[in-house]
Amino acid sequence: MSALNSSSLKTLTMFPGLRSLHFILFHPFESILKMVDFQILSLIFGGGISSRLFQHIRETLGLAYSVGSYNNSYSDTGLFSIYASTAHEKLLLLIDSLVGEIGNIKSHILPSELERAKKQI
C-alpha cells in the first residue's frame, strides 16, 4: 500500500446542502496474485464491526457514520478501497485518522487478526 496518504485525494467536491459527505480512497494492485493478500488486509482493516476502522474511527473517535474497506477484483488487476461517510466538519480529522490507521496496519497486524481474517475467506 505504498503512497496511500492524504495527498492521494486529488479532487474533493463538497456539496454543502447534504448532511453527510461520502468518499473513497483507493489503491490499485496490479497482479491477481495480490488479490488474496488484499482480501485479508481488507477484512482486518475494514471488514465489519470488529475491524480496525469500525472500532477506532467510528466507535472510539466518532468520526464516521459508516467506514470500511473492500476490494474490487478483475481478471488481471484490482482496487483496494477505503470508504467513509462523515459530517462535513469532521472530514479533515477523519482523513488524518485514516492515514494514521493506514500507517498502523502497515507496521503491525496481530496474529489473532490474521487468523480471524483467514477463517473468513
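Reader: At what angle do α1 and α3 pack, and how far apart are their axes?

Author: This is a predicted model. In it, α1 and α3 pack at an angle of about 125°. Their axes are 11 Å apart.

Reader: What is the hand of the crossing of α1 and α3, and which residues make the contact?

Author: The crossing is right-handed. From α1 come L41, I44 and F45. From α3 come E101, I102 and I105.

Reader: Which residues of α3 are buried?

Author: The list is L91, L94, I95, S97, L98, E101, I102 and I105. Buried here means under 20% relative accessible area.

Reader: How do you know that they lie on the same side of α3?

Author: They cover an arc of only 165° around the axis, which puts them on the same side of α3. With 3.6 residues a turn, residues three or four places apart point the same way in an α-helix.

Reader: What is on the face of α3 turned away from the buried side?

Author: That face carries L92, L93, D96 and S107. They are exposed, and exposed means over 50% relative accessible area.

Reader: What do the buried residues of α3 pack against?

Author: They pack against β1, α1, α2, β2 and β3.

Reader: How do you know that the span of α1 agrees with its 12 residues?

Author: Helix α1 covers residues 35–46. At 1.5 Å a residue it should span 16 Å. Its end C-alpha atoms are 16 Å apart, so the two agree.

Reader: How does the reach of α3 compare with the span expected at 1.5 Å a residue?

Author: α3 has 17 residues and reaches 25 Å from its first C-alpha to its last. The expected value is 24 Å, which is close.

Reader: Which residues of α1 are buried, and what covers them?

Author: F38, I40, L41, S42, L43, I44, F45 and G46 are buried. Their cover includes β1, α2, β2, β3, α3 and α4.

Reader: What follows α1, and what is its phi?

Author: G48 follows α1. Its phi is positive, near 105°.

Reader: What makes up the secondary structure of the protein, and in what order?

Author: It comes to 4 helices and 3 strands. From the N terminus on, they run β-α-α-β-β-α-α.

Notes: Residues numbered from 1 in each chain as written. Predicted model: local features only at pLDDT ≥ 70, side-chain atom pairs only at ≥ 80, totals over all residues. Heavy atoms only, no water. Helix = DSSP H or I, 4+ residues; strand = E, 2+ residues; numbered from the N terminus. Expected span 1.5 Å × (residues − 1). Buried < 20%, exposed > 50% of the residue type's maximum accessible area, 1.4 Å probe, protein only. Contact = heavy atoms within 4.5 Å. Arc of directions from axis to C-beta. Axes fitted to C-alpha atoms, helices over the stretch in contact; angles between N-to-C directions. Left-handed = near helix turned anticlockwise from the far one by under 90°.
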